[in-house]
Amino acid sequence: MSVPRVSMSQSTICVLLLGVLGFAMSAQVAIAMPALFKADERAHAAYAVALSQGTLPTIDTDIPDDPARYPQLAESLFGADEAHRDIWVANHPPLFYAMSLPLVWLGDAVGSPGLTLLGMRLLNALGFALTTILVGLLARELVPRRPAVPVIASAMCIGCGAMTFVGGGIYNDGWGSAAAFMTLYLGFRMIRQGVTRERVIAAAAVGVAAAGFRSTGLVAVLFLGACVLVAMWLREPSLRTFLRGTFWRAVGIAACIGMAPVAVFGWFYVRNIQIYGDPTASSSLFEKFGREPNGTTLFQLVNPEFYGHLLGSLWTDGNIANTWSQAAVIVLTLTLIGLVLDAAAKANPRRTGVLRRIRLAPQSTMQHRQDLAIWALLGGYCLLILVNVAGFIAGGGWIHARYAVPFLPFLAAGAGIAALRLGRLLPLRVISTGSRTGVTAIDEARDLRIGLGVSLAFVVVGLVCHLDTEQYVDGPVSSTFALVALVAADLVMFAVAAYVATELRRRMRPGTFDAPRTLAAPVTEIARPRQDARTPTGL
């Protein structure tokens, strides 16, 4: 019996291509940037080294100072104060560092610790590439009737210069963000298509990974449970029916998903509470580094400078010039203008111009409710992360681009919608070549033209910002041909960028790109109550 092949949509292929480009750009940074150059790299690498020696470190564990075995670590400790000679990132769960163990063993086996450092950088680069892909997939769940939006969303991740630059360092944020986004994506899939046994198993596994990379992954697991409740509520005719029928089944399923991370990694957070007094050791770290409080959490939440620094860090983190903050201002300003115009066009559309009504594929009431639920859940997730970051900054912490990554799906989807609306200002003459005809097909063809242009513009911005950073010829792996390696990495990066641009142009054409997705009503297999003999089976 032959198994039917599942064809991959064109928008998914475009998103995957942008993820490959993101990996190539981060890999170029990983190869060229000096060893342990970025903040916290030393502590993250030492965590993996300590774990390879059979020790689960604390924030007071010394970084290995062995010039013979780990010369880069020993050299980086020269002139460091007492606090920065410890593995201060040991408050993080150990999953990323357990994944790095083969790289540590490989470096020890061949006598090249620089190979370990490069491998951990590339491992993080892969995590950030997956994050770029998942931003596009989440944008597709947020805006299912605009197939150009996922491509714009992933391209915006490339355009944020700090994304690919941070992706070239030794951090657990790449895989932590990817696991959290995958957790949310599976929850949104349950809302769209129902709670099935396979999705519950996959969600529990991904939730375990999210909790094992970073503590913020627990927030994604919390909202995954909320997605289960919403998915099973939407399949009921009313809230009263849901509360009387499947509510406790939904609570049980959500609890099972939530208990999986607790069963696997709960011991680590209990250990943190026993050693430091809180699950994330934030108060102990502030005391260790002598950080001074900076107002209150509420003060930060109402402070415009907090949002400016947080969102601007996506373009200015690391040694990227501060002038790139102008890119953040331009993107965010255009996004706000575009969203306001889009809301005005929906409330009071015009016959022509930028406020003209855009014809989209028809949508049922169930699909509309799903859209609202997904936007609300993602907004709640971003709000909870925002409060967490504000509390961290109020306690004396610093803002990094890594802390702004959780907001990218929300921001990128909004930027995609705004770009398609502002693109109506351009006098584009579009004739649909697809199988469908009419105003809807012409609007979709125009979306593709605008989406292609905006995506390529983001790619160009990302490459220019990437080249504006200082190019080093002193990577973690010492070699006589370091300059040759750097030039080769640059050529590979540009070759991948050219290939991705060509593929985007070839695929984003009317008639070959995705039609707006037809969303099926959700079916909840494992949560369906037993039908009474008197109940019609078709109800």
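User: Is Tyr307 buried, partly exposed or exposed?

Analyst: Tyr307 is partly exposed, with a relative accessible area of 30%; buried means under 20%, exposed over 50%, and partly exposed in between, using a 1.4 Å probe and protein chains only. A word on the ground rules: this is a predicted model, where local features need pLDDT of at least 70, side-chain atom pairs count only at pLDDT 80 or more, and totals for chains, interfaces and linings use all residues. Residues are numbered from 1 along each chain as its sequence is written, and side-chain values use heavy atoms, with hydrogens and water left out.

Now the rings. The structure holds 13 aromatic pairs. Rings of Phe, Tyr and Trp (its six-membered ring) pair if their centres lie within 6.5 Å; planes under 30 degrees apart count as stacked, over 60 as edge-to-face and the rest as tilted. Take Phe268 and Tyr269: their ring centres are 5.9 Å apart and the planes sit at 85°, so this pair is edge-to-face. Both Phe268 and Tyr269 are buried. Your Tyr307 has a ring partner too, Phe306, and that pair is also edge-to-face, at 5.2 Å centre to centre with 70° between the planes. Phe306, at 2% relative accessibility, counts as buried, while Tyr307 is partly exposed.

Elsewhere, ring pairs link Tyr47, Phe96 and Tyr97 into a cluster.

For finding your way around, try the helices, which are DSSP runs (H or I, at least four residues) numbered from the N terminus. Helix H17 covers residues 325–347, and its end C-alpha atoms are 33 Å apart, which agrees with the 33 Å its 23 residues should span at 1.5 Å a residue; the expected span is 1.5 Å times one less than the number of residues. Among the buried residues of H17 are Ala327, Val331 and Gly338.

Last stop: Ile393, found in helix H18 (residues 365–394). At 5% relative accessibility, Ile393 counts as buried. The C-alpha atoms of Ile393 and Asn294 are separated by 6.8 Å, though the two residues are 99 apart along the chain.

Technical notes: Helices (H or I, at least four residues) and strands (E, at least two) are DSSP runs, numbered from the N terminus.
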